[in-house]
Amino acid sequence: MAIYYGDGSNSGSGRIIQVVQGKKTDTSAYQLNSSGTSMTWSSDIVSVSITPKDSSSQIWLTASIVATSSPSDRFLLKFYKNTNDLDGSYADSNGSHRQRGHSAGDGNEYRAQATPMSFIDTAGGTSAITYSVRGAQGTGGNNWLQINRQYSGFSDEANRFCSISTITAMEVSA
């Protein structure tokens with residue numbers, strides 16, 4: 001419900017209409033290939049579905065993905081919308097640099113890092129939309145991307161950890 005102010009303005013735009021969240025609480029590993037300017041992207045790491053109430057609404061996406069890759073490797077993360085990369089949510093190519101993901105990190109075999117992501121999309125309709133995050137590794141050859149755990153030294157010991165990755169979609173009135 002909009003709040004109307006004495007000057008005639010109101011709080012109708014910019015209101016959060018709904019919030020949905022997807023989470024990944026287990027661990028996973030993806031063996032991925034990269035060479036030259038091509039990369040193999042993982043399947044969905046975490047996903048969320050939202051059915052917009054208004055086609056002119058904006059969808060505010062946030063994600064926190066706990067990831068690491070092979071030692072001395074780099075990983076990339078990218079938003080997807082209904083199985084296609086979410087246009088405009090990632091960096092452009094730059095010279096000989098391959099097109100990047102939305103967010104990137106360096107691998108460390110003993111530490112995973114929470115990698116934050118954020119983007120605003122336009123609903124464009126009132127049908128269900130599935131947003132997800134996928135990952136790739138960027139060093140070349142076949143290497144591993146680990147989710148919600150460290151890369152190596154992971155055993156059933158009290159000082160080892162597991163973590164959680166999330167994606168949140170918020171419908172914002174236009």
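How many bridges join strand β2 to strand β11? Select residues 28–35 and 141–147: seven bridges join these two strands, which run antiparallel. Strands here are DSSP runs (E, at least two residues), numbered from the N terminus. Two strands pair if DSSP finds at least two bridges between them.

This is a predicted model: local features need pLDDT of at least 70, side-chain atom pairs count only at pLDDT 80 or more, and totals for chains, interfaces and linings use all residues. Residues are numbered from 1 along each chain as its sequence is written, and side-chain values use heavy atoms, without hydrogens and water.

Stay on β11. Gln 31 stands opposite Trp 144. Ser 69 has Leu 145 as its bridge partner.

Next, select Val 48 in strand β4, residues 46–50. Val 48 is buried, at 6% relative accessible area (buried means under 20%, with a 1.4 Å probe and protein chains only). Its contacts (heavy atoms within 4.5 Å) include Val 20, Tyr 131 and Ile 167. Val 48 and Ile 167 lie 119 residues apart along the chain, yet their C-alpha atoms are separated by 6.6 Å.

Now show the largest nonpolar core, 25 residues. Such a core is a set of buried Ala, Val, Leu, Ile, Met, Phe, Trp, Tyr and Cys residues joined through side-chain atoms within 4.5 Å. Ile 65, Phe 79, Tyr 131, Val 133, Leu 145 and Ile 167 touch the most other members. β5 gives the most to this core, five residues.

Finish at a second, separate core of five residues, including Trp 41 and Leu 76.

Note on methods: Helices (H or I, at least four residues) and strands (E, at least two) are DSSP runs, numbered from the N terminus. Buried means under 20% relative accessible area, exposed over 50%, partly exposed in between (1.4 Å probe, protein chains only). Lists of a residue's contacts leave out its neighbours within four places in sequence.
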